[in-house]
Amino acid sequence: MTLPLWLFVLILAFAGVTFASHFLFPSVRWFFRNRMERVVARLNDRLDRPIQPFKLMKRPDMIIRLAHDPKVAEAIAAEAAETGIPATVHQERARRYAREIVPAFSASVYFGFAARATKWIARLIYRVRIGGFDADAISAIDKGATLVFVMNHRSNMDYVLVTYLAAERSALSYAVGEWARVWPLSWLIRASGAYFIRRRSNNPLYRRVLARYVQMATEEGVTQAIFPEGGLSLDGRVGNPKLGILSYIVESRRANGPDVVFVPVSIAYDRVIEDRVLTAAQAAGVRRFRASIGSILLFIGRQLRRFLTGRFEKFGTASVSFGTPLSLAEFLKAPHEDATAELAQAMMERIARNVSVLPVPLVAAALGEETDIPRAELTERAEELVRRLSAAGVPFDLPDDSVPKAVERGLSILGLRKIVRCEGGRVTVPPKDRALIGFYAAAVGQHLSAIAASSAEQPPVLVANRP
């Protein structure tokens with residue numbers, strides 16, 4: 001019997017696939033799975049917060065678990081009843097949402113690549129400093145509690161900084177916006193344990209799927225990092241919180257379940273990479289960022305050329321402060337009208353209070369509305385600001401704790417970008433860059449507003465007249 005060559009090749013191909021699927025692939029999967037388990041075991045020996053089994057669950061299994069969760073099923077039944085569309089259609093939507101949200105955490109990618117890359121990038125661009133760190137309170141956190149870092153959102157560098165600083169303690173899980181859903185960045189983000197969210201979606205089924213993922217992760221003890229502001233600060237201040245993800249975490253708290261402990265993280269920069277884009281959006285009154293791919297590549301190319309030619313200057317200091325933790329169990333012991341809103345407000349106040357004053361924000365605040373000022377007067381204003389803020393306990397991170405050196409460094413950073421000009425003992429600000437001065441001064445202004453509000457709340461001290 002003679003077979004055509006194409007049929008013989010096809011039979012061989014099918015035989016090869018069958019052999020691989022039954023004998024080769026399982027062995028390869030076992031090899032890599034066994035290798036991954038050894039890597040995780042070594043990592044857990046040195047991490048303060050071991051990697052939870054939930055993070056290591058196979059992504060297809062997690063998608064099935066999330067899409068068929070009982071509370072998601074309730075949302076599917078409600079939508080089917082409301083729209084008249086069969087539940088099977090909504091079930092497929094829920095499965096699609098689950099695939100969109102669920103990460104694909106890889107310990108090798110996170111600790112082997114991402115942690116090293118974030119360390120290199122952060123230290124290349126900034127002088128990275130840890131401002132405040134309540135070591136006693138943080139070390140006293142129950143090892144069985146779920147840890148949630150709550151941060152202000154100044155720049156997309158926030159992810160890089162906090163990942164680098166937390167890599168010795170735990171693997172963080174972030175919520176990342178739709179902007180990053182481009183390959184290969186999306187693959188790297190998923191492999192690092194982050195999950196994508198649609199910030200502007202009000203679809204009830206999508207919100208239920210997202211809520212259940214966050215709640216599952218919280219209940220399983222996954223260390224998380226969230227930005228309650230919901231987006232980058234456009235005016236340089238710590239903004240008002242949005243309650244979405246925070247409300248999911250509060251709702252997941254069970255009476256006898258593990259505690260959830262929130263750690264406030266305050267981030268400050270001498271230079272925010274996206275500052276011009278953010279101030280332009282603030283001026284337009286629309287949260288729409290007009291940075292094109294071309295302008296981003298041009299910026300990266302310019303910095304790379306400076307680096308290769310030895311002319312690269314760091315962007316100043318990046319300071320990260322870790323404040324006093326707040327236990328959800330302890331917080332809920334007191335009566336609250338709206339526990340989530342009050343918790344969010346308490347966390348944002350702690351974050352704002354711990355934002356370090358750096359040289360550039362100090363110089364910007366000292367400039368105020370001035371566009372032309374003697375340098376000596378600028379230094380005097382900065383010294384007066386430091387006296388007022390220090391008396392209120394505001395944290396600083398200035399070179400050698402010297403105000404004149406801080407002014408010199410701040411002017412150097414601003415002058416390099418031509419935001420200010422220093423000539424003949426005077427400092428001038430071009431009109432087109434007034435918005436940037438206000439953007440950086442806002443952090444100091446927020447501290448001053450808090451001091452004024454605190455003083456107004458204190459009743460006057462009555463002194464009895466003596467005869």
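**Salt bridges and model confidence**

Glu-220 is partly exposed, with a relative accessible area of 35%; under 20% counts as buried, over 50% as exposed and anything in between as partly exposed, using a 1.4 Å probe and protein chains only. The model is predicted, so local features need pLDDT of at least 70 and side-chain atom pairs count only at pLDDT 80 or more, while totals for chains, interfaces and linings use all residues. Residues are numbered from 1 along each chain as its sequence is written, and side-chain values use heavy atoms, leaving out hydrogens and water.

**Confidence**
- The average pLDDT of the chain (the predictor's confidence in each residue, from 0 to 100) is 85, and 87% of the residues score at least 70.
- Residues 461–467 have a pLDDT below 50 and 0 contacts (heavy atoms within 4.5 Å) beyond near neighbours in sequence.

- The whole structure holds 17 salt bridges, each a side-chain nitrogen of Lys or Arg within 4 Å of a carboxyl oxygen of Asp or Glu.
- Glu-220 pairs with Arg-65 in one of these, the closest N and O atoms being 3.6 Å apart.
- Arg-65 belongs to helix α3 and Glu-220 to the loop between α10 and β5, so the pair ties together parts 155 residues apart in sequence; helices (H or I, at least four residues) and strands (E, at least two) are DSSP runs, numbered from the N terminus.
- Arg-276 and Asp-433 form another salt bridge, at 3.1 Å from N to O.
- Arg-276 lies in helix α12 and Asp-433 in the loop between β11 and α19, 157 residues apart.
- Arg-276 is partly exposed at 38% relative accessibility, whereas Asp-433 is buried at 1%.
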